[in-house]
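Hi everyone, thanks for coming.

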Amino acid sequence: MPRIKSIAKRSLNIVVLLSAVLILNFFLLHLAPGDPAEVIAGDMGGATLELLAEIRTLYGLDLPLHEQLGNYLSRVIQGDLGYSYSYNLPVTELILGRLFPTLLLVLSAMFLSITVGTLMGVLSARKPNSLFSHVLTFVSLAGYSAPVFWSGIMLLIVFASIWPIFPVSGMQDIFRDPGIINNILDIAVHLVLPVITLSMIYLAQYSRLSRVSMMDVLGSDYIRTARAKGLSETTVLFKHALRNAALPVITMAGLQFSNLFAGAVLVETVFNWPGMGSLAFESILRRDSPTMLGILFFSSLIVIMANLLTDFAYGLVDPRIQKKD
Amino acid sequence: MHLTLNFEPDSTMTSMHKDTLLEIRNLYVKFGTMAAVQDFNLTLKAGETHALVGESGSGKSVTAMAILRLIEMGTQGEITSGEVLFRCPDGQVIDLLKQTEAQMRSIRGNQISMIFQEPLTSLNPVLTIGDQIAEPLILHQKMSRQQAREESLNLLQQMRISEAEKRLSEYPHQLSGGMRQRVMIAMAMACRPQILIADEPTTALDVTIQAQVLELIKELKNKYNTAVLMITHDMGVVAEVADQVSVMHLSKLVETGNVHQIFNQPQESYTQALLSSVPKLGATADFDLPKMFELAGKPIEDNLKPQKRPDYQATPVLQIQNLVKYFPVRQGRVHALEKVSLDLAPGETLAIVGESGCGKSTLGNLCCRLLESDQGSIHLNGIDISHLNQSQLRPHRKHIQMIFQDPYASLDPQRRVGDSVAEPLVIEGKLRPHEIKQRVSELFVRVGLDAEQMERYPHQFSGGQRQRICIARALTLNPKVVVADESVSALDVSVQAQVINLMIELQQDLGLSYLFISHDMAVVERVSHRVAVMYLGQIVEIGSRQAIFNSPQHSYTKKLLSAVPISDPSRRTVDRALIEGEVPSPIHNLDYTPIHLQFRQVKDNHYVAIED
Amino acid sequence: MRSRSSKNMPVEYSSPAADAMRMFYANKSALIGLVLLVSIISLSLLGPLLIAADPFDMVWAPLTAPGESEYILGTDYLGRDILIGIIYGGQATLAVAATAALISVTIGITIGALAGFYGGWVATVLISITEFFQVLPALLLAMVLITLFSPSLGVIAFAIGVVSWTPMARLTRAEFLRIKELEFVKAARSISASNTRIILRVILPNAMAPLIVMTALNIGVAILFEAGLSFLGLGDPSQMSWGMMIGSSREYILDAWWPVTFPGIMIFLTVLAVSLVGDGLNDAFNPKLRAR
């Protein structure tokens, strides 16, 4: 069955990619100037000789490189990404603890920017010379040009000093009322500013892309046919044009996912959001290489999963992909 | 969206003749500052087929779109004045240009329908066929989904689409070109419109499929008494189907009248010039050599000059033996060429004809080594070039050059045309720059252009001029063989005739041989000495042009010839043996073993494949 | 367009590139962007030459607001002049962004061109490499590289360049695949033009339009990238940069808005200028889109 064959091919592709990431991690660790043991120990200040010796035996740093690589790969398959000496936790545990906030932030931002961005782009394409169109173009250009960390800081200043309706730091209030609903609301209210900041850039991109894509589609022959059948402009726009115009947006969404993670690092740092992004920043301050590399691996894994999902979504929308005779 | 027009509505409603269904009066349409249609008039009666003919830029498509007021959406077109009177089913006469958008929408697809040229891009790729056909039914006839589905099935069956039930849930890309056009017609006829506007409906289709579709339109027209406004540039189609003809040129109406009148007694000089450029099937039946078109300004004596004949005694300049080419695809392989053999004599034009998938273009590409053959040999001037590597091939390449189909993609847009023509000499590296420039000037003049035009860029030239430049480029290294792959198919009829005359002239002067690949039988008749008919990757018949056209032997050749529309309304065929079904696909799975055809000799050099 | 006769041709012989440039200069927002960009570059290059000062110098009381002293834009938490910081801060950003863009464009076009032209196993390998770099979040990888090696301007430029070439590679490959099938390329092959000649002199000039637009995009991305890294403290500590100004003053934003606002505005204006120019180029090369 061709379906199984393509799934198998895809899986192999993923495994190869992940292995490549791991091998990269491994070599980065060893290519960095300095003693690998010190690099692993990090910048704790108190890297004693005993600790370094312990690290050497634990990681087998005296063994030949290819054996070390083998050990490393087999450890990762079992879920062991190493140990963080600055946090005193296994890296895997450390990262998993910060996974949910980042996913929440990134997925919300993606959802917001795609839906709002596409909608605005579509409306703008309907009347390309209207005031709305020009304003949108300008606003999206501005949103795209402002550095994400700066926009976050500007929002922070506004909402902290001038108009304090949203919290500007952290994910949850320590002094919140108990109960699940209160919990969710609390997180939601903390989520507002970080999500708006992160989605601003991508909103700009999606609205521009969907505008161009929609204008392209509206000029195509099948839209002319649809109009020639007497269909209303709303039907033409939403039934005939939208699905076709969405295809490039879905493609871009897949490609942007890894950029979203990069943005998350900056946004989480600005708003003290307890996710993988701020963990990345902290681990850099502490020169905690195992954690950094662990985050690199983990985020690549998530990006690969996200790419699979977008490919699947694309196949759902475009029948030409699935039903190749 | 509310469409408003920028002129004062005429309150005095002039009435129409009682037989007239549609009348266009003094229509003016502009695009930005350019006038696309000026003072256009047309009358259409019920049950009549009216052909609107013109070359590119004539304004015929714009006129068609203006009738349904589609011109104002998404383009910069604007109807500036005129009337388009339409007799509704209830007898009332309305001016379409004064209707609101909502009123127009109830007419589109309902009382007046339109079908377009490109069936692939004219259907929405992400919606099913059934869904798209059902739309006008649900919208205009207020059918329920179930009723619409049944009626769609009925329509597909009427259009003679095989496996109609299955097709309803398929997508456009799963259907062939001919089937898609039938789906378009089904959609357009769904509500039994009074008028069907067909904008070049068969131009993108193979000749045998074209014949089927035209036949279908004729049947539907007779059954439902629909009036058809057929927009086309193909005079053969006009002669086959039209009752009335209107000729447009550069936005104006040139002449209008009954189809016999127009063809036999054209009054205006443009119409006369147009008709003289049209290749008529059978025009060279008594003449065994290529015959130039008698165009205005072209002395007829050129055709009476003793023509040099091809030298069949000498070694053939091109010899192809048992050429095989497969293309791997997901489902298996495309059998593009199966052991094809042929020879080309010096000074000869051998035409390769066939429909899509027959392998003719592949053959041309293989001869120029733009593709690599899987088996077989190609001898150029006696030397086997099929297995030479790139550097060994280089000195031989100059003997065989190619002219392509699309004049808009054949020249590098970033380069001056003189540089494009000079490139073969630059790469060869034997001549000095001023010698190269000299040669390029000569070539430009030889193909009928001015030498100063060398400095210009491709976008500054028309399609016909670009094709001349491509011919100049092909001649730069003095080739013996020129492969013309559908080189005139994309040109307007009048330009096509000029380019064909040029090619025949060059053949006489330079002793060139042409491998003339084409699907257009009427053009092939004018241009060739011999003809090879291809089908599914093999030659099914080969012989002199007179033999093939006057006494075709193979059933496919006969069907092909009978499907060609004849540009003479008095010879309109009433009943034709049409090919049933689609042009078959040359895709097979890997286990398939091809059956190679055996030939028998009919007479002299006329051979035909034995059919079982 | 099809029925143009040569008799009515204007005398000037205009190449498609010249036509595009003419349309660019007629586009108001593109011109604004260009002027803005030139101004910022001049400020960053000439400013430090004309005004000799050290942006790291403590010149006044910390956290002085704009307008309270002779220092127009105020001072930061270390008492450093913000205006001088703005003037000197552009150099690092522009130098790094230009170098990084150069690196990523070179890598991207080379890989994309080879993958698009050759196909086969060459393409498979190159596409896998592209996919690999695409999957790694660029900022994270750059952060890792800079942390493990040293945060000098060269390393930073290299790191940014090496992680951001994938969109250019994808675009170049797509363009090459498309143009390769056009007939004038086949014509070049039929006269035995070498592959190198075809890639460099036939296909590439025809692919330039979208590649140039993407280069402008890349420059914008590189600027934001450098700013982000400096903000996180991974910039070159010996060079003042706008991102660093924002990052270092982050703890004091509730007391002093000016040390973070002005450098941010500079980054914003620079990227905006580059985007406007990029957009203008895009419109100049695609007249069809403008007409609507």
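Predicted model: local features only at pLDDT ≥ 70, side-chain atom pairs only at ≥ 80, totals over all residues.

Strand 21 of chain B covers residues 587-588, and it pairs with strand 12 of chain B in the antiparallel sense, over 2 bridges. Strand 12 of chain B has another partner to talk about, strand 11 of chain B. If you want one pair to find on screen, look for Y326(B), whose bridge partner in strand 12 of chain B is H335(B).

Okay, on to how the chains touch. Take chain B and chain A: that contact uses 28 residues from chain B and 25 residues from chain A. On the chain B side, helix 2 (101-107) and helix 3 (129-140) each supply at least two residues. Helix 3 of chain B has the largest share, with 4 residues. Sorted by class, the chain B side comes out as 13 nonpolar, 10 polar and 5 charged residues.

Next up, chain C against chain A. Here 32 residues of chain C are in contact with 40 residues of chain A. Which helix of chain C gives the largest share of the side that touches chain A? That's helix 5 of chain C, with 8 residues. The helices of chain C that each supply at least two residues are helix 4 (120-135), helix 5 (138-148), helix 9 (195-231) and helix 11 (258-285). By class, this side of chain C has 25 nonpolar, 5 polar and 2 charged residues.

Last stop: inside chain A. Chain A is divided into domain 1, residues 14-77, and domain 2, residues 98-324. Their C-alpha centres lie 36 Å apart. The two domains do touch, with 12 residues from domain 1 of chain A and 11 residues from domain 2 of chain A. On the domain 1 side, helix 1 of chain A gives the most, with 8 residues. That side of domain 1 has 9 nonpolar, 2 polar and 1 charged residues.

That's my tour, so over to you.

Definitions and conventions
Residues numbered from 1 in each chain as written. Chains lettered and ligands numbered in written order. Domains from an automatic or database assignment. Contact = placed C-beta atoms within 7 Å. Nonpolar A, V, L, I, M, F, W, Y, C, P; charged D, E, K, R; others polar. Pairing = 2+ DSSP bridges.
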